[in-house]
Amino acid sequence: MTAAPVHGGRLPRPTPDRLSPEQRALYDEITGGPRADGPQLFALTDTDGRLNGPFNALLASPRLGGAVQALGAAIRFATSLPPRVRETAILVVAAVWDSDFERYAHEAVGRAAGLTGDELRALREEGDPGFTDPFERAAWQAARTLAAPPRPLDDAWYAAARAALGERALFELSTLVGYYALLALQLRLFAVPAPSAPVPDREPAP
């Protein structure tokens with residue numbers, strides 16, 4: 001079944017009762033999986049149950065969409081990357097792709113993970129967030145290189161990144177960057193809007 005696009009964008013945004021059985025199974029995976037547990041810093045659905053952001057696009061091809069959502073869930077909830085590092089890398093991708101929805105969603109998650117207003121502003125502007133933790137700084141630098149080819153990934157760069165991060169974290173970081181670049185591409189292709197919810201540039205006064 002189809003529905004008219006709702007709240008902008010190029011794709012239909014069907015309510016749950018308008019989904020095919022395959023689409024409904026994927027919908028239930030998204031809304032009933034680990035993404036739905038704990039505090040909701042950005043809403044997976046609107047008040048009528050329509051999927052928000054990149055999740056709605058997954059319904060266009062439920063089998064492939066299911067694989068994409070499973071990869072995303074693994075990246076978010078089953079890697080060794082600390083939350084600050086994970087959200088930093090996602091916001092690096094958001095800045096490179098100028099992805100309003102990724103910025104909207106993950107600035108909120110990043111703040112909850114401990115990123116300060118100044119760090120978020122620097123990431124938004126593709127500036128130096130001033131990380132002093134060596135692992136965080138190395139991960140930020142690697143994410144910038146991976147997110148914005150054709151920066152060189154020569155042997156010297158790889159050796160330095162592996163020494164700073166280790167092979168597991170470097171694999172996980174490159175997978176994360178590639179996944180969120182995919183989402184940014186689909187958000188751009190389907191002109192998915194982001195709610196207007198700017199993050200303050202600085203921490204609120206105590």
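Predicted model: local features only at pLDDT ≥ 70, side-chain atom pairs only at ≥ 80, totals over all residues.
Visitor: Let's start with one residue. Where is Ile75 placed, and is Ile75 buried or exposed?

Guide: Ile75 sits in helix α3, residues 62–77. A residue counts as buried under 20% relative accessible area. Ile75 has a relative accessible area of 3%, so it is buried.

Visitor: Which residues is Ile75 in contact with, leaving aside its neighbours within four places in sequence?

Guide: Arg86, Thr175, Leu176, Tyr179 and Tyr180. The chain also brings Val177 to the area: its C-alpha atom is 9.9 Å from that of Ile75, although the two residues are 102 apart along the chain.

Visitor: What should I expect of nonpolar side chains in general?

Guide: In soluble globular proteins they tend to be buried together. Here, the largest nonpolar core has 45 residues, and Phe55, Leu165, Leu173, Leu176 and Tyr180 have the most contacts inside it. Helix α9, residues 167–189, gives this core its largest share, 10 residues. As for Phe55, beyond four places in sequence it touches Ile30, Arg35, Phe42 and Leu44.

Visitor: How do I check the span of helix α4?

Guide: Count 1.5 Å a residue: the 15 residues of α4 (83–97) should span 21 Å, and the end C-alpha atoms are 21 Å apart, which agrees.

Visitor: Why is α4 described as largely enclosed?

Guide: Because 12 of its 15 residues are buried. Among them are Arg84, Glu87, Ile90 and Leu91. The buried residues of α4 pack against α3, α5, α6, α7 and α9.

Visitor: What follows α4?

Guide: Asp98, with a positive phi near 50°.

Key:
Residues numbered from 1 in each chain as written. Heavy atoms only, no water. Helix = DSSP H or I, 4+ residues; strand = E, 2+ residues; numbered from the N terminus. Buried < 20%, exposed > 50% of the residue type's maximum accessible area, 1.4 Å probe, protein only. Contact = heavy atoms within 4.5 Å. Core = buried A, V, L, I, M, F, W, Y, C linked by side-chain atoms within 4.5 Å. Expected span 1.5 Å × (residues − 1).
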